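Please read it beside the structure.

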Amino acid sequence: MMPFPLTLASLLERAGKLFPAVEVVSSRPDNSIHRYDYREMHRRARALAAALQDLGLQRGDRVATLMWNHHVHLETYFGIPSVGGVLHTLNLRLHPDELAYIVNHAADRWLIVDDVLLPLYEKIREKVRIERAYVVPFSGHPVPSGYEDYEALLQSSSGHPAYPDLDENDAAGMCYTSGTTGTPKGVVYSHRAIALHSYSISLPDNFSISRCDCLLPAMSMFHANAWGLPYAAVMNGSKVVLPGPNLQPERLLDLLSAEQVTLTGAVPTIWLGVMDALERQPKRWQLAPGLRIVIAGSAAPESLFRRFEKFGVRVIQAWGMTETTPIVTVGTLKPHLENCPDDRKFQVRARQGLPSPFADVRAIGDHGEVPWNDQTPGELEVRGPFIAASYYNLPEERNRWSADGWLRTGDVVTIDPEGYVKITDRTKDLIKSGGEWISSVDLENALVGHPAVKEAAVVAVPDSKWVERPLAVVVVKEDARVTPEELRCFLAEKFAKWQLPDDFIFVPELPHTSTGKLLKSQLRKQFKDWPRLSVKAEGTT
Ligand code: ADP
């Protein structure tokens with residue numbers, strides 16, 4: 001066979017040739033709608049590619065985006081990598097200091113930023129070393145003076161990029177994760193990984209994506225390739241609807257209904273809100289028959305499957321990580337399970353799912369690989385062609401990989417005899433709130449930096465909206481005094497507001513293991529019913 005490389009330029013050209021009339025719909029910040037088709041997306045992505053080459057783009061140069069989900073972000077998904085650039089999506093929810101660290105660590109050369117996100121850009125502007133920033137007039141208003149206009153960049157372009165002979169293993173994109181403790185770590189996606197992942201999620205037993213579909217990625221395009229949906233949509237020639245910042249339940253339902261979306265996805269928090277809105281006004285929206293909702297990022301509760309089913313909506317649970325491009329397992333049923341009673345079917349579908357082709361999974365316990373008996377827990381390890389082999393420019397960060405090269409996920413699972421993976425716990429010392437990580441260790445380290453704090457533990461407590469929220473349990477130094485409000489203000493200097501603990505509980509001492517480590521499992525158990533527990537006393541000893 002020909003050693004033909006799997007690259008994204010090929011998908012872009014195919015979409016331009018075969019699906020020119022397929023629509024790309026975006027919702028602007030004021031809820032007005034922008035519409036164009038793949039012909040225009042193809043033209044503009046090529047214009048971006050050629051403009052970057054005129055600016056002197058070299059293979060492997062990072063081009064960052066700080067953007068919501070909309071058509072220009074889609075252009076960058078293809079325009080940047082098709083000429084050898086690396087699309088680096090920046091998480092707009094991070095604290096400016098963390099963002100600046102990430103931009104500098106990745107050595108981003110250019111930035112493309114939404115006009116509505118300029119206030120955030122201004123907070124990092126003096127701290128980052130980028131050559132130029134181009135502003136997208138996403139709000140519909142002219143770009144403010146003093147900034148370079150993305151539209152002017154496209155207009156200045158010849159529109160004809162010279163596609164280099166890329167190797168399929170060349171970098172196409174990158175994304176930083178705080179999904180492990182410590183500093184953020186970059187994951188670099190190759191063209192090959194993205195191409196194979198696009199095929200993988202499109203398979204009938206995964207998300208079953210076809211040119212008949214209309215896709216609405218409600219997960220962020222700045223987070224793990226929006227689970228690969230934008231790439232798969234263009235590969236298949238599917239219509240795409242992009243919600244911009246309008247992720248409120250009613251706005252999402254308006255879009256799902258108006259555009260007759262057939263496949264969407266996001267973290268559970270979004271769908272819990274959507275479900276409530278649907279149940280409040282069951283007749284208000286006409287959803288497309290057989291709408292599928294992919295839920296990942298945190299466990300989708302079984303009740304959500306049942307509630308959506310009443311509206312003819314099929315929930316599909318998937319599991320993945322930024323390190324895995326990201327979708328590895330998908331919770332769809334084998335045919336013989338379709339004949340089981342409903343309870344059993346919901347139970348299986350609420351598992352994280354079966355591994356995709358080419359993705360191997362195993363669970364490792366204290367004595368090596370555990371059997372697939374649905375009973376014995378072990379840490380999930382994965383390997384495959386779209387699973388990271390290392391972090392970007394962090395050669396010392398090797399403990400995420402086993403000696404024989406599998407990615408250690410930090411998730412504790414059981415695997416049943418059919419191969420369905422179920423997450424039961426995690427070893428990662430993290431809190432996942434609304435699909436975004438909060439590092440408990442970082443918060444603890446910051447807290448003990450306060451002069452009145454002797455020791456602190458931050459644990460995840462269940463939350464009906466955000467799935468988990470952080471709670472700080474604090475031991476105050478003898479003779480010292482501090483209030484929750486003072487601790488909150490102290491942390492607010494370093495952390496984004498949504499990362500701050502919801503509450504601070506003062507205790508005389510914290511539980512420890514025999515080796516002196518904080519016994520977080522005990523604290524999690526003790527405070528699992530918080531905030532109904534009302535132990536919020538002022539911190540004095
Ligand atoms: P993502 O973009 O998928 O959120 P992250 O790297 O931020 O990627 O987080 C990956 C982690 O999220 C997993 O290791 C796991 O702990 C958690 N996770 C992802 N999907 C699920 C799921 N379906 N159920 C439970 N936990 C999940």
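The shell around the ligand holds eight nonpolar, eight polar and four charged residues. In this classification, Ala, Val, Leu, Ile, Met, Phe, Trp, Tyr, Cys and Pro count as nonpolar, Asp, Glu, Lys and Arg as charged, and the others, Gly among them, as polar. This is a predicted model: local features need pLDDT of at least 70, side-chain atom pairs count only at pLDDT 80 or more, and totals for chains, interfaces and linings use all residues. Residues are numbered from 1 along each chain as its sequence is written, and side-chain values use heavy atoms, with hydrogens and water left out.

**Ligand shell**

- There are 20 residues around the ligand, and Ala318, Asp411, Lys428, Lys432 and Trp437 come nearest. A residue is near if one of its heavy atoms lies within 4 Å of the molecule.
- Strand β14 (residues 314–320) gives the most to this shell, with four residues. Strands are DSSP runs of E with at least two residues; helices are runs of H or I with at least four, and both are numbered from the N terminus.

**Polar contacts and burial**

- Polar contacts here are pairs of N or O atoms within 3.5 Å.
- A polar side-chain atom of Asp411 is 2.6 Å from a ligand oxygen atom.
- An N or O atom in the side chain of Gln352 lies 2.9 Å from a nitrogen atom of the ligand.
- Gly297 places a polar backbone atom 3.0 Å from a ligand nitrogen atom.
- The protein buries 96% of the 540 Å² that the ligand exposes when taken alone. Areas come from the Shrake-Rupley method with a 1.4 Å probe.

**Nine-strand sheet**

- An open sheet of nine strands runs in the order β2-β1-β11-β10-β12-β13-β14-β15-β16, with mixed pairing. Strands pair if DSSP finds at least two bridges between them.
- Its edge strands, β2 (33–37) and β16 (354–355), each pair on one side only.
- Strand β13 (residues 292–295) runs parallel to β14, joined by four bridges.
- Ile295 stands opposite Gln317 in β14.

**Three-strand sheet**

- A further open sheet has three strands in the order β24-β25-β27, again with mixed pairing.
- β24 (453–463) and β27 (503–506) each have a single partner strand, so one side of each lacks a neighbour in the sheet.
- Strand β25 (residues 467–476) and β27 run parallel, with four bridges between them.
- Leu471 stands opposite Asp503 in β27.
- Helix α13 (residues 440–447) packs on this sheet and touches β24, β25 and β27. Contact means heavy atoms within 4.5 Å.

Key. A polar contact is a pair of N or O atoms within 3.5 Å; within protein, one must be able to donate a hydrogen and the other to accept it, and residues adjacent in sequence count only if both atoms are side-chain atoms. Axes are lines fitted to C-alpha atoms, for helices over the stretch in contact, and angles run from 0 to 180 degrees between N-to-C directions.
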